[in-house]
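Please view the sequence and the coordinates alongside the text.

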Amino acid sequence: MIDLEHLAQAQQALVEAGRILHAAGKVPATGGNFSIRLDERHMAVTVSGRHKGFLTPADLMVTDFDAVAVGSRLKPSAEALLHGQLYRDHANAGAILHTHSRAATLLSLAIEDDEVVLEGYELLKALEGVETHEARVRIPVFANTQQIPLLVDQARARLGREPYAGTPAYLIRGHGVYVWATDMASCLRQVEALDFLFDCELERKRWSFR
Ligand SMILES: CSC[C@@H](O)[C@@H](O)C(=O)COP(=O)(O)O
Ligand SMILES: [Zn+2]
């Protein structure tokens, strides 16, 4: 049984996240999708195709981690299975934000490697579990595809084990970024920090200094 008070709080947090991310230019058009874990099998997630800057509770729905709707005939986010995979495999994931920010999109296209390595930045400490600028945070990069189950398999195979055990995010090339955290406030902070760091990496590439 879904806890209705928890659901109402989740809806409010998702609506607010959309407003913030749209104002920051990170979810243009209908890009992006968001969710919050409700219990060990369910999440509140954005309905597919809705503009994330102007969400209301009617643009949100409940599904299980296989993206099967609960009490709704609406279509969940086309990428809801990616959210389900993260909640299933990462017990401490409580909220997930997927954005199409410029920095994430451009950096994922600019690097040839299949990961972005972030190190030496003080702002790394805005990420959960990071306590020093000397940390090395490795963000995997996956090829973009419309075959979401394929991406689920790739994410499952690569995340959660070394060297990605503590990673807070992954990039999808030419598409955007998925970020997860224990709760929505922390997830928003991580989105902001990572975008700043992605932007720094882009600038470094532009000026060819490491
Ligand atoms: C504007 S197209 C973007 C979509 O293809 C997708 O990548 C996306 O982020 C939003 O899809 P959605 O089904 O609304 O969750
Ligand atoms: Zn997307």
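## Helix H5

Helix H5 comprises 23 residues and spans 33 Å from its first C-alpha to its last, close to the 33 Å expected at 1.5 Å a residue; the expected span is 1.5 Å times one less than the number of residues. Helices (H or I, at least four residues) and strands (E, at least two) are DSSP runs, numbered from the N terminus. The buried residues of H5 are Met 184, Cys 187, Leu 188, Gln 190, Val 191, Ala 193, Leu 194, Asp 195, Leu 197, Phe 198 and Glu 201. A residue is buried if 20 or more other C-beta atoms lie within 10 Å of its own, exposed if 12 or fewer, and partly exposed in between, with C-beta atoms placed from the backbone. An α-helix has 3.6 residues a turn, so residues three or four places apart point the same way. After H5 comes Ser 208, with a positive phi near 55 degrees.

## Basis and confidence

This is a predicted model, in which local features need pLDDT of at least 70 and side-chain atom pairs count only at pLDDT 80 or more, while totals for chains, interfaces and linings use all residues. Residues are numbered from 1 along each chain as its sequence is written, and chains are lettered from A and ligands numbered from 1 in the order in which they are written.

The chain has a mean pLDDT of 97, and 99% of its residues reach 70 or more; pLDDT is the predictor's confidence in each residue, from 0 to 100. The ipTM score is 0.98 and the pTM score is 0.97.

## Packing of helix H3

In helix H3 (residues 102-110), the buried residues are Ala 103, Ala 104, Thr 105, Leu 107 and Ser 108. These buried residues pack against several elements, including strand S5 (95-99), strand S6 (115-119) and helix H5 (184-206). Contact here requires C-beta atoms, placed from the backbone, within 7 Å.

## Ligand 1 and the annotated histidines

The residues around ligand 1 are Ala 29, Thr 30, Gly 31, Gly 32, Asn 33, Thr 46, Ser 48, Gly 49, Ser 77, Ala 78, Glu 79 and His 98, each with its C-beta atom, placed from the backbone, within 6 Å of the ligand. By class, this shell has two nonpolar, nine polar and one charged residues. Ala, Val, Leu, Ile, Met, Phe, Trp, Tyr, Cys and Pro count as nonpolar, Asp, Glu, Lys and Arg as charged, and the others, Gly among them, as polar.

An unreviewed UniProt entry lists His 98 and His 100 under "binding site"; such annotations use the numbering given here, have shortened feature names, and may be inferred rather than shown by experiment. His 98 lies in strand S5 and is buried because 28 other C-beta atoms lie within 10 Å. Its contacts, not counting residues up to four places away in sequence, include Asn 33, Glu 79 and Tyr 178. His 100 is in the loop between S5 and H3 and counts as buried, with 21 C-beta neighbours inside 10 Å.

## Backbone features

Most residues other than glycine have a negative phi, and most peptide bonds are trans. Ala 29 has a positive phi near 55 degrees; this residue lies in the loop between helix H1 (4-23) and strand S1 (33-37) and is exposed, with 9 other C-beta atoms within 10 Å. A cis peptide bond, with omega about 5 degrees, joins Glu 162 and Pro 163.

Note on methods:
Two residues are in contact if their C-beta atoms, placed from the backbone, lie within 7 Å.
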